[in-house]
Structures are given as structure tokens and as C-alpha cells.
Amino acid sequence: MPDVRMKVWRGDATGGAFVDFTVPADEGMVVLDVVHRIQATHAPDLAVRWNCKAGKCGSCSAEINGHPKLMCMTRMNTFAPDEEITVSPLKTFPVVKDLVTDVSFNYEKAKTIPAFKPKPKEADGTRRMYQEDIERVQEFHKCIECFLCQDVCHVIRDHEENKPSFSGPRYFVRLAALEMHPLDTNDRIDLARLKHGLGYCNITKCCTDVCPEDIHITDNAIIPLKERIVTRTYDPIAWALRRMRGKSADLGAGEPEPPSA
Amino acid sequence: MAEYETHDFDVVVIGAGGAGLRAAIEASAMGVKTALVCKSLLGKAHTVMAEGGIAAAMGNVWKEDNWKVHFRDTMRGGKLLNNWRMAQLHAQEAPDRVLELEEWGALFDRTNDGLILQRDFGGHRYARLAHVGDRTGLEMIRTLQDHAVHRGIDVFMECTLYRLLTDDGRISGAFGYWRQSGKFVLFRAKAIVLATGGVGKSWKITSNSWEYTGDGHAMALDAGADLMDMEMTQFHPTGMVWPTSVRGILVTEGVRGDGGTLKNSKGDRFMFRYVPDFFRAETADTEEEADRWYEDKRNNRRTPDLLPRDEVARAINTEVKAGRGSPHGGVFLDIASRRSSDYIKRRLPSMYHQFMELADVDITKTAMEVGPTLHYIMGGVRVDADSAQSTVPGLFAAGEVAAGMHGANRLGGNSLSDLLVFGRRAGLYAAEYAKRVPQAPRVDDRQVDAAATGMLAPFERREGGENPYAVHADLIAAMQELVGIIRTKSELEEAITRIHAMRERARRAGVTGSRIYNPGWHLALDLLTMLTVSEAVAMSALARQESRGGHTRDDYPRPDPQWGKKNVILRRRDGELSLVTEPLPEVPAELRPLIGEDKPTGKVALEPVAAAGAKE
């Protein structure tokens, strides 16, 4: 097989540039294989994250020719023979080194979502749920936390200043998964608007386009959440009922306990 | 003096897969100060790749199922080399651990009456695996991860611990480095839970990721703990074989659990010719009975496609060697001709996706090509069955890094349940132990300085040293060739000789660049760990002169009743590895009738055995 050429971004927080590499090709190679071969033969300190190499763990996210993708699921035969291939780190997060970025933003946001809080068990001590009632939540549970949706979302990709008030599509999926869970009793609707910035999303569906798990992030998670917010916040009848019942969202429920350190 | 940051905890859990997360949750719930340290980002550990399900005798699908049947299946699957007490605790506690995940938000597939659905898997008499399509591990790790995060457990991500520290024979801490910055970090701890997973990265064809370098095995050995039955490695029968770049990636046993069957190049369902006597009474001997079994388990016996993994892997190996393999050196796994396209996509979505994306194969239309891949190690750190404590006070181990539970061969689905049951136990007993330790642990500066000096040595050699990637390539080739599915004395001796030579090269490894996120440096350090573990496997394999479960000797092709009563123990004293055998704890009289009287006998299936009704 002919050699394969690839331009890989190398650098750190202070800057960097694309570096050209040429390595021998193998049948069925994916981009991650080429990066590994570069490591083994040319650049042993080339930084890259990976684990499963089968699209299940979401570690090897990068921008391939500018598109957010998993390196392990991008076959080399999807490029034209003379096509220039570039691999660069996720743009939305600060670079640590080469293809590795600091994705701690995501783990911090995860801590701010109130935990699952189940209702009491059935009288016979079981939990009965039906397949048709859980399927829409199972779709959200397919998320592998590759953060490609976070990377592509222009609310934070191009606006660093929005990061404190916007949690991004990954966490809208998480909010929707909890809100639609048949057993959950926590209420996160006001929180989605006030703390996670759901209102910033103007449903351009970029997140849905890049999701390697084909989760319909916009249609199935974000829009239903937006509808619930509208009903809650702006529907006068719902507002009146809520006043009569005196129910208010428990914003603090499930907040992480302070670290014991 | 090395520069490092210091953290103080009661319990430090190393590894954040299922066992580590479950241990940390339990320790934290016990009210002790708990840290969770992992090499990758949180949620990326190997558990995420588990596909088929969690074995637990909940009896949701078959009322006849209970812990006793699960115990029996586990012991027989392990060729009776299991620690009986671990197998008992596991079978008894697994249902509660699964239901607990549901309390924490997991959503398993459902039965028609709204309970957790259970699927068929190899070696399990009844459909027993709680699952979510073929991405059960993802559901499990994310549920545990979210639960741990909301408990406020301190998580140290991308942090590699490299040496355990001891004070007068007791655990006092662990020392390692941050992957991102390369800076050193010291944890002072009263108790440590090893949940570091397995060793597969020392083989060429493996389903394991880069993390599986056997850190826990090697650290425990160096700290004075016993390793047990390290020769017991599991080759999963169905890994992808083509294209080359994906060779070894797992194809779930769920394919066969859901109706898929193995065929050779002649279209022959060859597994009917490889049923050993030990399993003959419970295995179908005609294709018709095997096919009926999926629907009616009361009146039919299990398909031989779902014999335990060691039997199936050897059979595939034999078929390929006999020239009846598939074009790329595997055999065929066919579900396309046996189940509808909708069913396959619903039950096995990630397999469909994996073959479509990586191999251009539509598994709803054509058969997959599969072959054995190093998947798991049954051997590991020797632990007390109830408390998960190793032979070193304060050092606990759970999950794949621990030995005993699975004996000579692990049944599919028994790993995720193992992680939950013994992860919880390790966390519980580590916390109790830490509460009993009166004083803060003392750290010996000499141990820390020695570790730090060794870890930085590759930077001094720079380009002049050995390329760690080249040494690793040689190691995985040697282990694949010499310590594979079928082993023999001369090859194992050759492996040990080569490992010694490679260790000399690894000690001369040089790395370039800085300490910041430097994979070459990380590999140079991991290499020494992998070589330790590889030597342990080869030495133990050489010692056990019989064939049993995951350990097959060409020169000793039968199970030996005497060896069936022995564990192979490795320990390091004054720098030298020593090997002894010790008696396997005897199954108490009241449990013996559950297992059945017959023992594994006869030659293992190095060649087809003539089964009644089989066709050739």
C-alpha cells in the first residue's frame, strides 16, 4: 500500500503549528492508527488521548479537516487519494499539548446538575417500567461523553465569555435524560433556564450533526426542554396552578456535597 | 530529594472502572475521606467497553434461576479452580447490586411486565444477564460515575500511580505522576484499593485498551503481596479479525446469546464437534435442539455455541489451524441468516455500527469474521474472599486485578457483577480498616526518592536510549507467539528468556520532549510494569503442568486432579520472584451437591471430539 501523509497540529497553550508526517499505510486504517504510527516512528512524545478504539469511550475526539470527529471511527479510505488531511485539537477547550485539550469545563458542569432522585418503589418492592417508556431516555444514555457537541456549539466555541452561564448540548442531554426518567422526582426545569443557559441555544442542530452516537440532541432533548420551560415560565394557566399549589423548584437538591478536603 | 505534591486520605482507590467507582462510593458512604485516582478521564475506563450484560440470578425471565444455579455455573465454568466463597458471595449479592444501579438511575431493557430483562450468555443455564442492548458497560459506568460525582468524592483524573509505599509491611501510600503536567504526586493513605483492571496490553491481539498494563498486579507484587494463578488468561473467542487495524476488538457474546452461530468455511456448525464430556449432559447434540433451546429451556439443552469461552476459543483455534477458517484467519459468526434485520439492530446496535463503520460489513446481511482475542485475566492479586484484602495489611483489590472469583475461566457477564459485588466489599472493608488505623501513615522518603529517580531516568538517556515503542512491539509479538492460547514448555522458557532480555532494553529506554503529556515517557514506565506481569504469566504457565480453563498446555493436554487442588502463587522477596503452590480452599460439604460430582476430565479440545449426532 502507498504511504499515508497527514498534518498533525503540534504545540501547547502558547501556540503551535501543523507538522507534516508520512508513514506506511495498512488496510482498513483509521486516523488514530496513523497517529499511533507517527508516535511509534517519528514523534514519541506526540500527545493524544484514546482508550477503546471502537467508538465506545469517546476519548479520541479531534478536528479532522476541521470537522469534530472521533479519530478511531474515521477511516482513511474516506479521504480522496491526494486529499490533504489535517488533525487538530478541539477548538473550544484550552490546549494542553498537541491533540490533548483541557476538558475539565465539562466535568465541572456535570457537578451542577441535581442528582437522580427516585420515587418510592411499587407496593411489591419492585420497580416497574415499560420498554416504550424508557426508550427515549435510553437514547440519551448512549452518550459517550466525547464532547464533540460541546466543541461544535458556537455559543461556547466562539464565545469564551458564555462558558460560565452555558453548559452545552452534552448537559442538555443529561438534563433531558433525568427530566424524562420515569422514576425521577427532581425538578430541573427552572435550573435548565437559569443556570445552564438553555435559552442561548438557537437550535442550529450542529450538535446533532456531529454526534457519533446519532443522538437527536436538538429534536429529542433540547426542544422538549425548551417546551417545558415555556409551559412553566410563560403559560398563564400553568403559572396560576403553580401559585395555587405553592410548588417551587428545588434548585439546591442534589448539589454536590462540599469536598471533605 | 524529589519534588512532589502531597494529599492525605483515609482510602485511596486506584482505578475508576466499575470496581473502583463502586469501591469509592462505598468507602465514602462509610464516612472516610476517599480519593479516586484514574489514568484516563473519568468515565473512559475499560468497563465502558463491556457489551453483553451483568450476570445476576434475579429470576425475572426464568423463575427457576437462583443464586445456587449461578454459583454452580460459575464454579463449573471456572473448572472448579474458583475460590468457592467468592463465587458464593458473588452469586448471592449480584441481584442486589444490579437493583442498586436502578436506584441510582440506570435504565436496563425491560421484560413485558416491566422488570429488568435478562439475556442468554455462555455457560449460564438460564437467561441471566441484565443489559442495555449491547452497551451495558456504558450504562453501568455512567450511573456509577454520576453517583460518585454527586457524593462529592475527590477524583484525580489522568494521574498514574506507579509505586505503593509501605511502612513496616503495612500500606502507607502511593506515588505517581500527573499525566498532564508530568509532576509527581504522593498520596498518604491508610488503605488502598487496587481496581486497576487487567494486563492485555502485553499481547498483540487483544480487546484491551492502552490502560491495561497490569499496574495493580505489578505494584502489589512489588509491595509484597501474593499474585495467584497468573497463567489463567482468557482469550475471548470472538474478536474482529479484519481489517488489520481493528484486529482484536471485541464482538460481544450477546451475538450468540441472541441467536448467532459459529460456522467454518464449509458452512459447518463446528461447535457440535467440540463438546467436552464435562458439559455434554447439559449441551444440545443436534442443531434442531440447539435452536429450540432459545425459546424453550425446560425441554432442550444449551447450544454448544454458548459453551464457556475457553472451549469456544480453542475450537476456533483448531478449526483455523485445520484449514477450515475464514479468508482472514478467523471463522464465521452468522446472525444475519438467523434473525431479522430489525431484531439485530435493536439487540446489537453497537455491533452493527462497529462492523459497518470499521469493516464495511453489514451484519444483518452477511456473517462476521471472528477469532480469539486476549480479553481478560482470571489470575491476579490474592485476596481474602469476604474482605478483598490482599496479603499486605491495608491493601485491597477488586475486579479484574483480583484473583479467585473466576477460577480457570470466567463466564461472560460475571465480570460486571464481580466489579459491583467485590468493589463494594473492598470499599467497605478498606474503610473499616482505615478507621481502625490509629495514627497517620508514615511515608518513607527513601521509597519516594527511589521511585522518582527511576521514573525520571529515561529523560537522561534521551535519543541515546532504546525506543520504548520498539520494545513494546517486541513484547507483544513474543507474548502472542509464545504465551498464547496453546502453550508448551519450550516456548514458555523461550518467553521468559526473551522477557529478561527485553527488561534490560526497557531499563535503557530513552525519551525525548518534556514531562508534559508525554506518551513516550508514559510507555517507557508502563513497559517495566508490563514486563513484570508478562514474566509472572509465563512463569505461572510454565509451572502449571495441566490444561484447565484459560490455560492450555500442548505437552499436558488433560486436566490433572492434583493440579485442580492447587493455586500457583508468586511473590517477590528481596527482589527475586519466587513461585510456590498452595492448596485451593476446599468447597464445604453443604455446597458440594450444588456443583455436581463430576470433575473436568479427558483431553481438552485440541482437536474435535466425537460427539453423538455430530456431523463431519
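How many Å separate the centres of domain 1 of chain A and domain 2 of chain A, taken over C-alpha atoms? The figure is 31 Å. Keep in mind that this is a predicted model, where local features need pLDDT of at least 70 and side-chain atom pairs count only at pLDDT 80 or more, while totals for chains, interfaces and linings use all residues. Residues are numbered from 1 along each chain as its sequence is written, and chains are lettered from A and ligands numbered from 1 in the order in which they are written.

**Inside chain A**
- Chain A splits into domain 1 (4-101) and domain 2 (104-245), with bounds that come from an automatic or database domain assignment.
- Twelve residues of domain 1 of chain A are in contact with 13 residues of domain 2 of chain A (contact means C-beta atoms, placed from the backbone, within 7 Å).

**Inside chain B**
- Here you get domain 1 (1-232 + 378-585) and domain 2 (238-372) of chain B.
- Their C-alpha centres lie 28 Å apart, and each of these two domains puts 25 residues into the contact.

**Where the chains meet**
- Chain A brings 54 residues into contact with 49 residues of chain B.
- Among the elements giving two or more residues to chain A's side are helix H1 (31-41) and helix H3 (131-141) of chain A (helices are DSSP runs of H or I, at least four residues, numbered from the N terminus).
- H3(A) gives the most to that side, with five residues.
- Sorted by class, chain A's side has 28 nonpolar, twelve polar and 14 charged residues (Ala, Val, Leu, Ile, Met, Phe, Trp, Tyr, Cys and Pro count as nonpolar, Asp, Glu, Lys and Arg as charged, and the others, Gly among them, as polar).
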